[in-house]
Amino acid sequence: SIGLSTAGTNAILIDSSGNVGVGITPTTRFHVYQTGSTQAGLIETSQSASVLNFKSTGQSSGQPQLGCAASDMILNTNGSERLRIDSSGRLLVGTSSALSVNNITAGVEVHSTATTNGASLSIARFNNDGGAPQLNLGKSRNATIAAGTIVQNGDELGHISFNGDDGTDLSTSAARIRAFVDGTPGANNMPGRLEFS
């Protein structure tokens, strides 16, 4: 093993297998460990973004990259951005900025845009039974995530909107499917109705 020490403590250690440890005896090819309030991280000061490249032997270009720009986390493959988590926590696929649809740019959303049929959401189930894939929408009156407060008669439980570009934006709905509480709910009892408009 070869070590670089500061103040009598190994700062960088290369073991007999070629594993490199920064602040720790490595258990993987490259192992970084930091204690205390200072965070271990990748910092690039000469460029606008920090990027971590992943490359296989013989791969000449197009390697996957994980990087950040401003407060966003970005995943690139084959030289193109594929996925972004922006500073508001939105998951953006095929776009670097959130788009308002039906006058909503959600604070937390999965947002997919594309110029082909790639702007789609597919949910498939492969199992030898009668079960089906599901899209589940849930509503609670509690403002704390995962905390329970019963909904009330008339509350809207879910909403699917079909919007078209009217030449200015995607805010105009052509059709909607909405679900409401329709009665007094109770434990394991949720009366409801669907509205098509």
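Predicted model: local features only at pLDDT ≥ 70, side-chain atom pairs only at ≥ 80, totals over all residues.
1. S100 lies in the loop that joins β9 (91-93) to β10 (110-112). Strands here are DSSP runs of E with at least two residues, numbered from the N terminus. The relative accessibility of S100 is 28%, so S100 counts as partly exposed. On this scale, buried means under 20% relative accessible area, exposed means over 50%, and partly exposed lies in between (1.4 Å probe, protein chains only). S100 and D169 are separated by 69 residues in sequence, while their C-alpha atoms are 8.1 Å apart in space.

2. Residues are numbered from 1 along each chain as its sequence is written, and side-chain values use heavy atoms, with hydrogens and water left out.

3. As to the overall make-up, the chain contains 13 strands and zero helices. Of its 197 residues, 14% are buried. Among contacts with a separation of 6 or more, 12% join residues 24 or more positions apart; a contact means heavy atoms within 4.5 Å.

4. The accessible surface of the chain is about 14,300 Å², and carbon and sulfur atoms contribute 52% of it. Such areas come from the Shrake-Rupley method with a 1.4 Å probe; for residues, only the protein chains shown count as cover.

5. Which residues form a nonpolar patch on the surface? The patch consists of L52, F54, L66, M73, L75 and I85, which together have about 480 Å² of accessible area. Patch residues have over 30% relative accessible area and no salt bridge, and nonpolar side chains (Val, Leu, Ile, Met, Phe, Trp, Tyr) are joined within 5 Å. A salt bridge is a side-chain nitrogen of Lys or Arg within 4 Å of a carboxyl oxygen of Asp or Glu. L52 belongs to strand β5 (residues 49-53), and its 40% relative accessibility makes L52 partly exposed.

6. Two strands pair if DSSP finds at least two bridges between them.

7. Within this sheet, β11 and strand β12 (residues 172-181) pair in the antiparallel sense over eight bridges. G158 stands opposite A179 in β12.

Conventions
Helix = DSSP H or I, 4+ residues; strand = E, 2+ residues; numbered from the N terminus. Patch = residues over 30% accessible without salt bridge, like charges linked within 9 Å, V, L, I, M, F, W, Y side chains within 5 Å.
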